[in-house]
There are 2 protein chains.
Amino acid sequence: MTYTIREATRDDAETILALIHALALYEREPEAVKASVDDILRDGFGPRPLFQCLLAECDGRAAGFSLYFYKWSTWTGRGTLHLEDLFVEPDFRGRGIGLGLLRRLAAIAVDQGCKRMEWEVLDWNQPARDFYHQLGAVHKEGWYPYRLDGDALCVVAEQARDA
Amino acid sequence: MTYTIREATRDDAETILALIHALALYEREPEAVKASVDDILRDGFGPRPLFQCLLAECDGRAAGFSLYFYKWSTWTGRGTLHLEDLFVEPDFRGRGIGLGLLRRLAAIAVDQGCKRMEWEVLDWNQPARDFYHQLGAVHKEGWYPYRLDGDALCVVAEQARDA
């Protein structure tokens, strides 16, 4: 069965959320998703979208997706296409859908004048890492991602107001 | 000597580029910077800015900067403030300027409805990592940053056109 790839529209918001949940389950963080359909409608399909999304379909069923947006790189001085999520439903794996999504994203990046694509991978996801290496992607060794959120973010923000 | 923090304007483009170069030198990648003043003017101060920048000054001299933009998180369903660069010139360290910049960024993130700030740190930069940990930030252990660029990006993009 062949697949097709198209840009998602606001009618796909529930499908996108279901795929986000399916990916979080695969990433062993099923409780991590706080996003709602309203969040997706507001931030993906409002007047100033914060992300874009490609949907892969097989026989009318959602088979996978990629959600991406643009960042800016101080080193290249150009946009970077940031891949936030790439996921293919287990039933639809082995058909080249993930590769098809990545190729499409690379073409979008080049068309938009980006010099890079970037994303994060879980260390234990060796099949994904092998797949990315085969495409010529590299692990940015020596760079560690950091996060500040929750109460700690609020505390630091309050210190700015007190200063 | 106290310091001040303000939003950068297009008149600061050359100062910003000099700080980007100074940071790259500190990161042991002095040749890595390809960005130009024109890139900064176009992408930071044009009709649709791709980044924003805070400048710290001491006695009329540029002492440090932070360059940031917004991403979107599929898990939180909200914007994330992404800190691309944070740097204080060596002559001005030890005065709390880095902390002042981070507090200001945290306040901006909260005001904009972001649930997170994120950034990347070099593994050998232990002073920076200690500083971030003291603030309550965490290393997202198990997540590896990946990059696809240069010829490899172009090859994958071409495969999309051939498919």
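Modeller: Let us begin with a pair of residues: A:T80 has A:R116 as its bridge partner in strand 5 of chain A. Strands here are DSSP runs marked E of at least two residues, helices are runs marked H or I of at least four, and both are numbered from the N terminus.

Biologist: What should I know about the model and its numbering?

Modeller: This is a predicted model, in which local features need pLDDT of at least 70 and side-chain atom pairs count only at pLDDT 80 or more, while totals for chains, interfaces and linings use all residues. Residues are numbered from 1 along each chain as its sequence is written, chains are lettered from A and ligands numbered from 1 in the order in which they are written, and side-chain values use heavy atoms, with hydrogens and water left out.

Biologist: In which sense do strand 4 and strand 5 of chain A pair, parallel or antiparallel?

Modeller: Strand 4 and strand 5 of chain A pair in the parallel sense, over three bridges. Two strands count as paired if DSSP finds at least two bridges between them.

Biologist: Why is strand 5 of chain A described as largely enclosed?

Modeller: Six of the seven residues of strand 5 (residues 116–122) of chain A are buried, so the rest of the structure largely encloses this strand. Buried means under 20% relative accessible area, exposed means over 50%, and partly exposed lies in between (1.4 Å probe, protein chains only).

Biologist: Let us look at A:H82. Where is it found?

Modeller: A:H82 belongs to strand 4 (residues 79–88) of chain A. With a relative accessible area of 7%, A:H82 is buried.

Biologist: Which residues is A:H82 in contact with, leaving aside its neighbours within four places in sequence?

Modeller: They are A:L67, A:Y68, A:F69, A:K71, A:E118 and A:W119, where contact means heavy atoms within 4.5 Å. The side chains of A:H82 and A:K71 are also joined by a polar contact of 3.1 Å. A polar contact is a pair of N or O atoms within 3.5 Å; within protein, one must be able to donate a hydrogen and the other to accept it, and residues adjacent in sequence count only if both atoms are side-chain atoms.

Biologist: Which network of salt bridges includes A:K71?

Modeller: A:K71 is linked with A:R116, A:E118, A:K140 and B:E120 in a network of salt bridges. A salt bridge is a side-chain nitrogen of Lys or Arg within 4 Å of a carboxyl oxygen of Asp or Glu.

Biologist: How many salt bridges are there over all chains?

Modeller: The count over all chains is 24 salt bridges, and the rule finds six across the interface of chain A and chain B.

Biologist: Which residue forms a salt bridge with A:R78?

Modeller: The partner of A:R78 is B:D39, and their closest N and O atoms are 3.6 Å apart. A:R78 lies in the loop between strand 3 (61–72) and strand 4 of chain A, and B:D39 lies in helix 2 (residues 37–45) of chain B, so the pair joins two chains. A:R78 is partly exposed at 30% relative accessibility, whereas B:D39 is buried at 5%.

Biologist: And what is the partner of B:R161?

Modeller: B:R161 forms a salt bridge with A:D111, with closest N and O atoms 3.2 Å apart. This pair crosses between chains, from helix 5 (residues 150–162) of chain B to helix 3 (residues 97–111) of chain A. B:R161 is partly exposed, with a relative accessible area of 40%, and A:D111 is exposed, with 54%.

Biologist: How much area do the two chains bury between them?

Modeller: Chain A and chain B bury about 7000 Å² between them, 61% of it on carbon and sulfur atoms. A:W72, A:W75 and A:Y146 supply 15% of the area that chain A buries against chain B, more than any other three residues. Buried area is the accessible area (1.4 Å probe) that two parts lose on being put together, summed over both.

Biologist: Which strand of chain B is joined to strand 7 of chain A?

Modeller: Strand 7 (residues 143–149) of chain A is joined by two bridges to strand 6 of chain B, and the two run antiparallel. Within this pairing, A:Y146 has B:H139 as its bridge partner, and A:R147 stands opposite B:V138.
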